Amino acid sequence: MADIQTYSHDAGWKNVVLRGLLYLVLILFALYYLFPLIVMISTSLKSLDEIREGSLVSLPRVITFDAWNYAWNEACVGVECTGIKLYFWNSVKMAIPAVLISTFLGAINGYALTKFRFKGANIVFALLLFGCFIPFQVVLLPMSQVLGKLGLASSTSGLVMVHVVYGLCFTTLFFRNYYVSIPDELVKAATIDGAGFFTIFWRIILPISTPIIVVSVIWQFTQIWNDFLFGASFASGANAPMTVALNNIVNTTTGVKQYNVDMAAALLTGLPTLLVYVLAGKYFVRGLTAGSVKG
Amino acid sequence: MGASQSTESNLTAGIQRHLSKIVVAPSFAASLFFVYGFILWTGYMAFSKSRMLPVWDWAGLRQYERLWQMERWHVAIENLFIFGGLFIVACLVIGCLLAVLLDQRIRAEGVLRTIFLYPMALSFIVTGTVWKWLLNPGLGLESAMHDLGWTSFKFDWLINSDMAIYTVVIAAVWQASGFVMAMFLAALRGVDQDIIRAAYMDGASLPRIYFGIIIPSIRPVFLSAIVVLAHLAVKSFDLVIALTGGGPGYSSDLPATFMYTMAFQRNQLGVGAASAMMMLATVMAIIVPYLYSELRGGKKNG
């Protein structure tokens, strides 16, 4: 930290001006980041007539939730006009098991790789880690064939499997790096007392893992909820996740373009992850920085 | 007694060690099959005659030749350079600037940080949808400017095939720059205060302290940020699909959307596989040296 107040050789009034400027620039940037969200909300609350007459930046004269209602209950995704709610539940049914399974596997992998190290544990970890960095395009074609053979094509269970398989490397990374910093003596003492591998995991390790479990759950949830590539490639029609449905609604070329419905659907799709971010931003940032590259 | 106890605990420790292997085995097997196996599978497919259906007949480099003969692939590669370059530079500049500004004992720092970073929590599809609306030539920013009296204002990049790729840059920078800010801010907080104080005592001005001491000392974060952003750029898919759909025509295609189109819409499995392998090679060229140096550096530090 090196701030103007502490590290300035200039006169006081100059610093006051500088600080004023500083706040001005920061507020302008904040407006830049908020602007799309504000427009999204205000457009979703307008009627279609008002959108056509008025301007993008004007606030709604009459607030109406019709677009939200329409997006949730009636909007057409392809030929199905069931609203986005069907796909919202698809995403929920996909995300919850995938998040839980991948987090659990990551925890037990991280535990095994750090507290009961076997020969080659580092190589196993390095090989697992590699999966975090591949562009998924390189697995799409084989995966669609394998899912077809397993009878999981276009199904939510298929997507759960895909997300678990490609989320594993991240969750293992999180837990491994967390457990590395936990003293081995804790485990050794319990081993001498006769506790086994799983007892130690359930009784000693898991209870002190809450922060990293939160990081892993948030990271996985955000990744899986926001995924589009796997959803678009492996699940079509009534089993598509919400992001795919949103893209279909927005890019429908038939009928009148309902911008307010598009915006409401986009907000509905973004709300779950935004909510998680607002409630647990600290853990979200931790996941981002740990999951980005740090090996 | 002590000896027998220790052999016993050695024995159980031995079993435990096997348990540990057994526990990791399913994940490891999954990774071998779904990551390495699939890469080999795709790699083979790129050497096969596959078009509409996957076939195993060997075709040598035929698919790669076809790939590199496609005008569309060259457009995608060129777009990747334009998009990647601008995206990385813009995110670094904005991210670094915001981090330095936020590092001045700002009153509402927490609130501002939350605002700068929230786009990162959104799906690229949501981001694409919003920016598509904002940049809509008829009703978006253009008409807003007209209403404000600036009637000559023209902004049709979304439907202009020369400019469409730049709209992807605009939306992507909006989404990811806050993340770079968070990375830099964390690094700034880690800079040694004593060195800064010493420089100040020597009469160094604040800009000199920043450019001479602080920024050079957080150089590793620049590298990390560049690697993360480059990685994001090569993988960019959703945003293009939602914002421009790769259009007009295929003018804003990126390798990721090219691959998807070939594999799932054009019945060109072989070309799709070849392009996926090119993407993998690009990412590996960025990531492998970085990870290697990171892991070695990590060992050195303890």
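Modeller: A helix here is a DSSP run of H or I with at least four residues, and a strand is a run of E with at least two. By that rule chain B of this predicted model has 13 helices and zero strands.

Biologist: What is the order of elements in chain B from the N terminus on?

Modeller: The pattern is α-α-α-α-α-α-α-α-α-α-α-α-α. Chain A is also without strands: its count is 14 helices and zero strands.

Biologist: What makes chain A more spread out or less spread out than a compact globule?

Modeller: The globule rule gives 19 Å for 295 residues, and the radius of gyration of chain A is 24 Å, well over that value, so chain A is more spread out than a compact globule. Along the principal axes, its C-alpha trace spans about 75 × 75 × 35 Å.

Biologist: How does the radius of gyration of chain B stand against that of a compact globule of 302 residues?

Modeller: Such a globule would have a radius of gyration near 19 Å, but chain B has 26 Å. The box filled by the C-alpha atoms of chain B is roughly 95 × 75 × 30 Å along the principal axes.

Biologist: What share of each chain counts as buried?

Modeller: For chain A, 48% of the 295 residues are buried. For chain B, 45% of the 302 residues are. The cut-off is 20 or more other C-beta atoms within 10 Å of the residue's own.

Biologist: How do you know that chain A and chain B touch, and how many residues are involved?

Modeller: Contact requires C-beta atoms within 7 Å, and 97 residues of chain B are in contact with 80 residues of chain A. On the chain B side, helix H1 (residues 2–45) gives the most, with 20 residues. That side divides into 68 nonpolar, 20 polar and nine charged residues.

Biologist: Which domains does the assignment give for chain A?

Modeller: It gives domain 1 (12–66) and domain 2 (85–292). Their centres, taken over C-alpha atoms, are separated by 34 Å. Seven residues from domain 1 of chain A and seven residues from domain 2 of chain A take part in the contact. On the domain 1 side of that contact, helix H1 (12–44) and helix H2 (48–53) of chain A each supply at least two residues, and the largest share, four residues, comes from H1(A).

Biologist: Where does helix H6 (residues 137–149) of chain A bend, and by how much?

Modeller: The bend is at A:Met143 and amounts to about 30°. A:Met143 is one of the buried residues of H6(A), which also include A:Pro142 and A:Val146. After H6(A) comes A:Gly151, with a positive phi near 75°.

Biologist: What is noted about the phi of B:Arg105?

Modeller: It is near 50°, a positive value in a residue other than glycine. Most residues other than glycine have a negative phi.

Biologist: And why do B:Asn267 and B:Arg266 fall into the class they do?

Modeller: B:Asn267 has 13 other C-beta atoms within 10 Å and is therefore partly exposed. B:Arg266 has 15 C-beta neighbours inside 10 Å, so B:Arg266 counts as partly exposed. B:Arg266 lies in the loop between helix H12 (255–265) and helix H13 (269–300) of chain B, and B:Asn267 lies in the loop between H12 and H13 of chain B. The phi of B:Asn267 is positive, near 55°.

Biologist: How far from B:Arg51 is B:Arg266 in sequence and in space?

Modeller: They are 215 residues apart in sequence and 9.0 Å apart in space, C-alpha to C-alpha.

Terms used:
Residues numbered from 1 in each chain as written. Chains lettered and ligands numbered in written order. Predicted model: local features only at pLDDT ≥ 70, side-chain atom pairs only at ≥ 80, totals over all residues. Rg over C-alpha atoms; globule rule 2.2 N^0.38 Å. Buried ≥ 20, exposed ≤ 12 C-beta atoms within 10 Å, placed from the backbone. Contact = placed C-beta atoms within 7 Å. Nonpolar A, V, L, I, M, F, W, Y, C, P; charged D, E, K, R; others polar. Domains from an automatic or database assignment. Bend = angle between axes of the 7 residues up to and from the residue.
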